[in-house]
Amino acid sequence: MRSVNQILILCASLLGLAASCAVYAGDTIEIVRAEGTVETGNPDQPTRTPVKTKSTILSKNIVTTGPDGRAVIKVGDSGYIVVEKNSTVEIGKSSNNADVFRQVTGMIFYALNAIRGKQQPAEIRTATATIGIRGTRFLVADLPDRKEIGMRKGLISVASPDEAYEIYRKTQEDEFAAFKKEAQDAINEEKRKFSEYKADTEREFVAFKREFALAKDRMVSFDGRRVTEGMLSGKTKEDMESLEAYAAEWLKDVRD
């Protein structure tokens, strides 16, 4: 059996691309489940190759799903991502050997292991945010009419790629949820109070920030530089649960 060094030397000699031939375990990307149209390719080349379940690809590759496609991808020792239909993600490494996911478009559920020792936290990049994570589960939607991050568990940091965000918080929805928990038998009265409160203020301005944290059961939606934070919406929960169920066989092994 060849050693890692021998494999790297062989890659370099055959292709002249030593930097793209890393095949050690920490860099391997495996598609453990796929259905419909799922393709992969190199970011520097326009061609795409159809893939099937149990396909192994090298680091720094693009994975794309079609209108009928879905995929569960194991990313080395980092954990799993679940790619919804009509989505594109580029998977690579940063200069400090941390996993970097560039979500080009679509919806992806991330279930990544808690980092240990000197392991570097992974990073997710979209057009609107850079997300730093240390082991958590969350959904990122980057669609024409829906740009949001929803937290299942854990904690992430969200940073602007340029100017500061204008952050608002949906406090009235949080208070209404608390009312419901405390007094189910007074739901009609609570709805009346909620309607009055909502008429008074739709959102509360918090601050201008370049970076903020997002915790369990919270979500943010983006409208340009405007960011609105609140509790998870029913739609976001539904999408999370659907993708979790699709990948349940593998997500049970994630180290939260």
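Is glutamate 229 buried or exposed? Before you answer, keep in mind that you are looking at a predicted model.

**Exercise 1. Settle the opening question, then find the salt-bridge partners of glutamate 229.**

Step 1. Start with the accessible area. Glutamate 229 has a relative accessible area of 10%. Buried means under 20%, so glutamate 229 is buried.

Step 2. Look for the first partner on your list. Arginine 169 forms a salt bridge with glutamate 229, and their closest N and O atoms are 3.2 Å apart. Glutamate 229 sits in strand 19 (residues 226-231) and arginine 169 in strand 15 (residues 165-169), so this pair ties together parts that are 60 residues apart in sequence. Arginine 169 is partly exposed, at 29% relative accessible area.

Step 3. Now try arginine 218. Its side chain meets that of glutamate 229 in a salt bridge, again with 3.2 Å from N to O. Here the link runs from strand 18 (residues 218-223) to strand 19, with the two residues eleven apart. Both arginine 218 and glutamate 229 are buried, and for arginine 218 the relative accessible area is 16%.

Step 4. One more stop at arginine 218. Which distance separates arginine 218 from isoleucine 149 in space? From C-alpha to C-alpha you get 8.5 Å, although the two are 69 residues apart in sequence.

**Exercise 2. Work out which parts of the chain the salt bridge between arginine 137 and glutamate 244 ties together.**

Step 1. Check the pair itself. The side chains of arginine 137 and glutamate 244 form a salt bridge, at 4.0 Å from N to O.

Step 2. Check burial. Arginine 137 is buried at 10% relative accessible area, and glutamate 244 counts as buried at 17%.

Step 3. See what else surrounds the glutamate. Apart from neighbours within four places in sequence, glutamate 244 is in contact with Phe109, Arg137, Arg152 and Leu251.

Step 4. Zoom out. The whole structure has 14 salt bridges. Some of them share partners, and these join Arg146, Glu148, Lys235 and Asp239 into one network.

**Exercise 3. Find out how the buried residues of helix 4 are arranged around its axis.**

Step 1. List the buried residues. They are Thr236, Asp239, Met240, Leu243, Glu244 and Tyr246.

Step 2. Look down the axis. The buried residues of helix 4 fall within an arc of 160°, so they line one face of the helix.

Step 3. Turn to the other side. Gly234 and Ala245 are exposed there.

**Exercise 4. Explore the largest nonpolar core and its main contributor.**

Step 1. Recall the background. In soluble globular proteins, nonpolar side chains tend to be buried together.

Step 2. The largest nonpolar core has 35 residues, and Ile73, Ile81, Phe101, Tyr110, Phe138, Ile149 and Ile156 touch the most other members. Strand 9 (residues 99-112) gives the most to this core, with four residues.

Step 3. Follow one of them. Beyond its close sequence neighbours (within four places), phenylalanine 101 is in contact with residues including Val75, Ile81, Val89, Tyr110 and Ile124.

**Exercise 5. Trace what the side chain of glutamine 103 reaches.**

Step 1. Locate the residue. Glutamine 103 lies in strand 9, and at 2% relative accessibility it counts as buried.

Step 2. Look for backbone oxygens. A polar atom of the glutamine 103 side chain lies 3.0 Å from the backbone oxygen of glycine 106. The side chain of glutamine 103 also reaches the backbone oxygen of valine 140, at 3.0 Å.

Step 3. Widen the view. Leaving out neighbours within four places in sequence, the contacts of glutamine 103 include Thr88, Ile108, Arg125, Val140 and Asp142.

Notes. Residues are numbered from 1 along each chain as its sequence is written. This is a predicted model: local features need pLDDT of at least 70, side-chain atom pairs count only at pLDDT 80 or more; totals for chains, interfaces and linings use all residues. Side-chain values use heavy atoms; hydrogens and water are left out. A nonpolar core is a set of buried Ala, Val, Leu, Ile, Met, Phe, Trp, Tyr and Cys residues joined through side-chain atoms within 4.5 Å. Buried means under 20% relative accessible area, exposed over 50%, partly exposed in between (1.4 Å probe, protein chains only). Contact means heavy atoms within 4.5 Å. The arc is that of the directions from the helix axis to the C-beta atoms. A polar contact is a pair of N or O atoms within 3.5 Å; within protein, one must be able to donate a hydrogen and the other to accept it, and residues adjacent in sequence count only if both atoms are side-chain atoms.
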